[in-house]
Amino acid sequence: MIHVDVRSLTQPVGILRLMAAVLACMSFSLVASVGYVPSPYWAWCMFTWCFCFLFTLLIVILEFTTFSGKLPFAWDDFTTAFAMLASLMCLSASIIYPIFFTCSGCHRQIGASVVSWACCGVYVGEVTLNRFRPSGQIRGFLSTLPGIMKMLETFLACLIFTSLEKSQYSISPGLQWCVAVYSLCFILATLIILLTVGQLTSRIPFFDKIVIVYDIFAAVLYVTAMVIWPLFSFRNNQRPPNCGYLCSWDKLVMVTFMTILNFGVYTLDSIYSIRLVLCVSTE
């Protein structure tokens with residue numbers, strides 16, 4: 001029986017979610033009032049604020065109507081995962097937007113950047129409250145360190161996709177291989193997250209071992225991308241003197257940096273997962 005739960009709006013987590021929804025709405029409203037900018041980074045920032053606003057509002061409505069208890073997946077794990085993802089997305093938007101789209105006289109852009117930082121802080125507060133129970137116990141897989149690293153891996157892949165331009169890799173088989181690596185690892189990491197949130201891992205034999213194999217496999221693939229992408233991207237390709245902000249050459253640098261960073265996350269994820277399984281098996 002579905003009923004209204006006013007208490008979901010008066011608890012600290014509920015208050016933070018309402019604040020996050022309002023702040024995200026303010027951010028994209030301020031930026032939309034300035035006008036459209038033909039840039040993938042502008043689109044990423046707008047998508048971030050709209051996505052966070054809509055999903056946060058949906059979570060508030062589902063908890064207020066108690067419909068969340070009828071859903072066939074781990075609701076607490078899902079909301080924790082969303083809060084972590086929203087924190088990362090708002091953090092990236094709070095860095096990218098003021099760097100590329102603000103100036104000393106751009107008052108609405110500056111206001112949107114400040115509000116975005118506040119929104120990021122609210123989501124971090126929600127993560128802190130969701131991560132630990134009153135007794136200090138951690139909720140769900142996505143609240144653990146391996147789960148957080150899975151979220152980070154998919155997030156960094158999204159930033160890579162945002163910086164990719166088809167003209168950069170369409171004529172190079174080596175760069176096409178790198179894009180295939182980014183896509184394959186992103187799809188598999190997302191699948192692992194969905195299986196975990198949907199509580200379907202118990203139906204898959206040796207799921208923990210499969211995840212470890214995937215982590216190692218993804219780390220090896222990212223090694224190849226970490227070598228091939230800068231080798232093929234910057235060979236006989238100096239930065240144009242009229243490059244300015246947001247030119248294609250700068251995006252190549254962004255993809256290179258994110259590739260190295262994601263390789264590090266996958267490596268740490270592999271080491272931690274192997275250590276965790278070995279410790280469990282020896283007990």
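Lysine 251 is buried, with a relative accessible area of 5%, in a model that is predicted. The side chain of lysine 251 meets that of glutamate 165 in a salt bridge, with 2.7 Å from N to O. Glutamate 165 lies in the loop between α6 and α7 (166–169) while lysine 251 belongs to helix α10 (residues 248–282), so this pair ties together parts of the chain that are 86 residues apart in sequence.

A search of the whole structure finds 5 salt bridges, and another of them is formed by aspartate 215 with lysine 150, whose closest N and O atoms are 2.9 Å apart. Because aspartate 215 lies in helix α9 (residues 207–233) and lysine 150 in helix α6, the pair ties together parts that are 65 residues apart in sequence. Both partners fall under the 20% limit that defines a buried residue: aspartate 215 has a relative accessible area of 0%, and lysine 150 has a relative accessibility of 1%.

## Helices α2 and α3 and the pair that links them

Two packed helices are described by the angle between their axes and the distance between the axes. For helix α2 (residues 12–34) and helix α3 (residues 40–64), the axes come within 8 Å and cross at roughly 150°. That angle makes α2 roughly antiparallel to α3, since an angle over 145 degrees counts as roughly antiparallel. The crossing of α2 and α3 is left-handed.

Side chains of opposite charge can pair when their charged atoms come close. Arginine 17 forms a salt bridge with glutamate 63, and the closest N and O atoms of the two are 2.8 Å apart. This pair links distant parts of the chain, with arginine 17 in helix α2 and glutamate 63 in helix α3, 46 residues apart. Arginine 17 is buried at a relative accessible area of 4%, and glutamate 63 is buried as well, at 19%, a value to be read against the limit of under 20% for a buried residue. Returning to the salt bridge of glutamate 165 and lysine 251, with its 2.7 Å from N to O, there is also a network to set beside it: salt bridges that share partners join Arg17, Glu63 and Glu126.

Most residues other than glycine have a negative phi. Threonine 66, by contrast, has a phi near 60°, a positive value in a residue other than glycine. The place of threonine 66 is in the loop between α3 and α4, where the residue is buried, with a relative accessible area of 15%.

## Residues far apart in sequence

Proline 146 lies in helix α6 (residues 145–163) and counts as buried, because its relative accessibility is 9%. The C-alpha atom of proline 146 is separated by 9.2 Å from that of leucine 268, although the two residues are 122 residues apart along the chain. Leucine 268 is placed in helix α10 and, at 53% relative accessibility, counts as exposed, so the contrast with proline 146 is that between a residue over the 50% limit and one under the 20% limit. Leucine 268 can also be set against threonine 56, which is 212 residues away along the chain, with 30 Å between the two C-alpha atoms.

A further pair is made up of alanine 43 and threonine 162, which are 119 residues apart in sequence and 8.8 Å apart in space, C-alpha to C-alpha. Alanine 43 is found in helix α3 and counts as partly exposed, because its relative accessibility is 39%.

Leu91, Ile95, Ile99 and Trp117 make a nonpolar surface patch of about 350 Å². The largest share of this patch, 3 residues, comes from helix α4 (residues 75–101). Isoleucine 95 has its place in helix α4 and is partly exposed, with a relative accessible area of 38%.

Note on methods: Residues numbered from 1 in each chain as written. Predicted model: local features only at pLDDT ≥ 70, side-chain atom pairs only at ≥ 80, totals over all residues. Heavy atoms only, no water. Patch = residues over 30% accessible without salt bridge, like charges linked within 9 Å, V, L, I, M, F, W, Y side chains within 5 Å. Areas by Shrake-Rupley, 256 points an atom, 1.4 Å probe, with all protein chains shown as cover. Salt bridge = Lys/Arg side-chain N within 4 Å of Asp/Glu carboxyl O. Helix = DSSP H or I, 4+ residues; strand = E, 2+ residues; numbered from the N terminus. Buried < 20%, exposed > 50% of the residue type's maximum accessible area, 1.4 Å probe, protein only. Axes fitted to C-alpha atoms, helices over the stretch in contact; angles between N-to-C directions. Parallel < 35°, antiparallel > 145°, perpendicular 65-115°, else oblique. Left-handed = near helix turned anticlockwise from the far one by under 90°.
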